[in-house]
Each structure stands twice: as structure tokens, then as C-alpha cells.
Amino acid sequence: MGLAEAAALPWYVELWRAIAGTVLIFSGVAVVAAMFGVLLERKISGWMQSRLGPKHVGPQGLLQTIADTIKLLQKENIVPRNADATIFASAVLVVPLAALLDYVVIPFGTTRWGPLIFRDLNIGVLYFAATSSLVVVGILMAGWGSNNKYALIGGLRSASQMVSYEIPMGLALITVAMLAGSLSTVKIVDAQAGWWYAVEQPLAFLIFLIAAVAEVNRVPFDLVEAESELVAGYFSEYTGMRFALFQLGEYGEMFAMAAMAVTLFLGGWRGPVLPPVLWFVIKLYALIFVFMWVRWTYPRFRIDQLLNFAWKVLIPVGLLNLVVTAFFVMVVHR
Amino acid sequence: MLLDWGYVAIFAIVGTLLAAMPLLVIWLISPRSDYPQKFETYESGVPAIGQAWAQFNVRYYLFSLVFVVFDVEIIYLYPWAVVYRKAGPVAFYDMLVFLAILTLGLVYAWRKGALEWV
């Protein structure tokens, strides 16, 4: 992990550090995001709908997701006869991998030895913008490879939706990068020692959050897997553990988006008294709660409303916000 | 710099292996039973009519096309944003011209009806 850079460690130390970091992030995301996230989603959904949610497996249903995973492991693995087997099978790997690649640049906290981050890339924000949109490739592969009409429509919708919301998200990212004068996520967190960027840039924060919900295909932007019209969208044909891997990808991506929002706008791991990692987790779960809250508050958009909202509202507002911020920064710095 | 990308490459390789592990597990332990109906394409219970690889709405393509234009232009904004504070007012006016062209493109696509879903 991002410990203080000693003068050129031997290559095998670097290699093992990278491998250990990867395993740590993968297992962390699988447990914290996918397992606990699914449980939390079901509990909060239940709570908001005045029902109990999972309750019987373990104390208060805590072990429900683990039971589900074990169940899914025993399920048969079906590849439809008409499907393009290679694309169908490889999509399962692309989606979680693309989601997890985001975590490379997220600073989870800070330690005596330096920031707790897999790798502090000097173009971190741009890297995040690039990897977070890679998921669409996997979704499109799944949709196309299934040779199923529901899956194909889901995949295509996802493609047009994710590329449309990519642009307002990029504009929000650029605004932050401009204020911080850097694309490194660690430096951006450092730049928020005074004010959080959510306070300085509420509009960019709002745009980022909306675009993030759209990028992870959640309600009200869940046209991709609109269950009342498309069965399960792009993963209609996937069974058992493959289905679970898509879930891992979705929840991994959702947590990555929330983590990035925390990093860029909510001061990252900064906070008084409590240890930094704990602050990060608290902020992360607060945002995740907002995502789940939104899910049970708004009805689903129609596809034309969805795309109009991106192109005719978010992008002009994002551009205007960028120009006004740039002007403000220029005047202040004179 | 190269070391950074080495880390990312290792993350991608090890990550792929980790993501493939559950697939290996199900390959070993999941049950298999063969009957032809199971491998039919799912279409709400009735036999699937034709292939899914058929014509679909061209709008999806159109939006991707507009996206490519915008995304390429947005890439140019990243380096500008990083050096903005050091570069002074000239950077602001330069980018104003650039953003004006970008906005012109958006207005053009809008007026041409490329952003309408019909």
C-alpha cells in the first residue's frame, strides 16, 4: 500500500506489496460492499416499506448474504445454446474487475507512514473517470453475448445512459481538479483541510451524485435492469455464481462511486477525534444510505427523460458551473 | 511513474484471477443436468422468436456518437484544470473560447434533433 516511498525497494517486495494490496481490496470490497451492502440494502428497503427485511439467518438476519452466497455456489451454471459463449462467459469477469479497478486511487485513510491507498497515481481522477466507465463494456458484452432481447435492450440502454452521464461527471471532476490544482486523490483530500469541496462546490457535488447514481444504474436511473419491463436486464440469462459476480460488480461500483464522492467532496478521511479510516467509513455509509433512500423515493425515469436530463440539464449546468468557478478562481488569485 | 502502472497492471492481473476463482469453484462443485429446454433463450416462458441480434433503435448509436465528440473534448480540460492556478488569466480566456466551441457543438446537436428520443 502507499507507505512512504523508501529509495527503490527490490522488485519482489514491490510485487508482493501489490499482490497483497489487491487481495486486501478484493476481499474488503467483497465483504464490506457486496455482502454487507446487499444486507444493508434489504434491511433499509424493509425499513422504508414498513416491513422487517431478512431476519432469520443469524442474529437479525446478519448472515443472510452469506447463506445466499453458499446457495448460489451450488446452483447450476447455464450457458444458453444461442448465446455467444466466449463473450457471455468473459463479461462476468469484466464487470467486477472494472468496478474494482476504481479502488486503486481511493485513499481510505492515513497512517503514520503516509496515506492508506493502493497507489497514489498522479492522474488519479482521470484514471477513476476511465475505469468507472469500463463497466459499460462488460454490461454491453453481457447484453450482446446473451442473445436475449431483454438483455440486449438492457445492455444498449446502459451504454447510452452511462456514456451520457459520463460527461456531467467529468465536468464535476474537472471543477474539483481545478480547485485543488491536482488530479491526485491524496492531494485533493489534502486540499480540503479547510473547507470541504461540497461546501465550496455544492452544484458540482450534486451533479456528481446524480451522475453517480446514473452510472451505477440505480433507481431512478435503473432502466438497464428495469424488472417490470426487462426481467433482469443484461443479466437475465446468468445463473448462480455468475449472477453473484454481477452483483459484486454493481455493489463494488456503487461503493466506489460513493467513496470517490467522499474523497472529492466530503474531505475524504478528514475529521476530528475519531481515526481517519473510521471517518471515511462513516461518510461512505452516509452516502450509501442516501443512494438507498433515493431508491425508495423516486420513480423510474423514461429513457427520453433520462437522456434529456443528462444532455439538456446536467451538461449545460456543469459547463456553466465550470466557467463560473474558473472565473472566481482567477479573480481570487489576482 | 512506470512503477505506478506496474501496480495497476498487477491489480488487473491478480484481480482477474480472484474474480475467476468463484467460477472455478462452481465448475468443480455445481451440479450438471442435461435437458434441451434448459438451454433455450429466456423469453418469459414462450419459445424465443428469432435472434436478439437484429435491428435496434439507431438512437442508441447517435448518443454514443455525440458522446465521443464531447468526451474527447473533455479530456483536454483535465490538463488545463491542473495548471489553471499557475497559468493565470490567459488560461481562462483560452478555455472560454474552447468551451464556447464545445457549447456550440451541443447547441448544434440539440437543434439538429440528435438529442431527441423519438
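Tutor: The structure holds 26 aromatic pairs over all chains. This is a predicted model.

Student: What are the ring distance and plane angle for Phe88(A) and Tyr238(A)?

Tutor: Take the centres, then the planes. The ring centres of Phe88(A) and Tyr238(A) are 4.1 Å apart, and the planes stand at 5°. Planes under 30 degrees apart count as stacked. So Phe88(A) and Tyr238(A) are a stacked pair.

Student: Where do Phe88(A) and Tyr238(A) lie in chain A?

Tutor: Phe88(A) is in helix α3, residues 85-101. Tyr238(A) is in the loop between α10 (227-230) and α11 (240-265). The pair therefore ties together parts that are 150 residues apart in sequence.

Student: Are Phe88(A) and Tyr238(A) buried or exposed?

Tutor: Both Phe88(A) and Tyr238(A) are buried.

Student: How should I read the rings of Phe221(A) and Phe301(A)?

Tutor: Read them by the centres and planes again. The centres of Phe221(A) and Phe301(A) are 5.1 Å apart and their planes are at 10°, so this pair is stacked. The pair links distant parts of the chain, 80 residues apart. Phe221(A) sits in the loop between α9 (202-215) and α10. Phe301(A) sits in the loop between α12 (276-295) and α13 (303-333).

Student: Which residues form one aromatic cluster?

Tutor: Six names to find in the viewer: Phe88(A), Tyr234(A), Phe235(A), Tyr238(A), Phe243(A) and Phe246(A). The stacked pair Phe88(A) and Tyr238(A) belongs to this cluster.

Student: What lies over the face of Tyr7(B)?

Tutor: Arg119(A) does, at 4.1 Å from the ring centre. Here the charge comes from chain A and the ring from chain B.

Student: How do I describe two packed helices?

Tutor: Give the angle between their axes and the distance between the axes. Take α3(A) and helix α1 of chain B, residues 2-29. Their axes are 9 Å apart, and the packing angle is about 135°. That angle makes α3(A) oblique to α1(B). The crossing of α3(A) past α1(B) is right-handed.

Student: At what angle do α4(A) and α11(A) cross?

Tutor: They cross at roughly 160°, and the axes come within 12 Å. Helix α4 of chain A covers residues 124-132. An angle over 145 degrees counts as roughly antiparallel. So α4(A) is roughly antiparallel to α11(A). The crossing of α4(A) and α11(A) is left-handed.

Student: Where are Asn147(A) and Val273(A) found?

Tutor: Asn147(A) is in the loop between α5 (135-145) and α6 (149-180) of chain A. At 5% relative accessibility, Asn147(A) counts as buried. Val273(A) is in the loop between α11 and α12 of chain A. With a relative accessible area of 86%, Val273(A) is exposed.

Student: How far apart are Thr110(A) and Pro276(A), in sequence and in space?

Tutor: Read both separations together. Thr110(A) and Pro276(A) are 166 residues apart in sequence and 6.2 Å apart in space, C-alpha to C-alpha. Thr110(A) is in strand β1, residues 109-111. At 26% relative accessibility, Thr110(A) counts as partly exposed.

Student: What confidence does the predictor give chain A and chain B?

Tutor: Chain A has a mean pLDDT of 83, and 96% of its residues reach 70 or more. Chain B averages 81, and 98% of the residues score at least 70.

Student: What are the ipTM and pTM of the complex?

Tutor: The predictor gives an ipTM of 0.83 and a pTM of 0.87.

Technical notes:
Residues are numbered from 1 along each chain as its sequence is written. Chains are lettered from A and ligands numbered from 1 in the order in which they are written. This is a predicted model: local features need pLDDT of at least 70, side-chain atom pairs count only at pLDDT 80 or more; totals for chains, interfaces and linings use all residues. Side-chain values use heavy atoms; hydrogens and water are left out. Rings of Phe, Tyr and Trp (its six-membered ring) pair if their centres lie within 6.5 Å; planes under 30 degrees apart count as stacked, over 60 as edge-to-face and the rest as tilted. Helices (H or I, at least four residues) and strands (E, at least two) are DSSP runs, numbered from the N terminus. Buried means under 20% relative accessible area, exposed over 50%, partly exposed in between (1.4 Å probe, protein chains only). A charge sits over a ring if NZ of Lys or CZ of Arg is within 6 Å of the ring centre and within 35 degrees of the ring normal. pLDDT is the predictor's confidence in each residue, from 0 to 100. Axes are lines fitted to C-alpha atoms, for helices over the stretch in contact, and angles run from 0 to 180 degrees between N-to-C directions. Angles under 35 degrees count as roughly parallel, over 145 as roughly antiparallel, 65 to 115 as roughly perpendicular and the rest as oblique. A crossing is left-handed if the near helix is turned anticlockwise from the far one by less than a right angle, and right-handed if clockwise.
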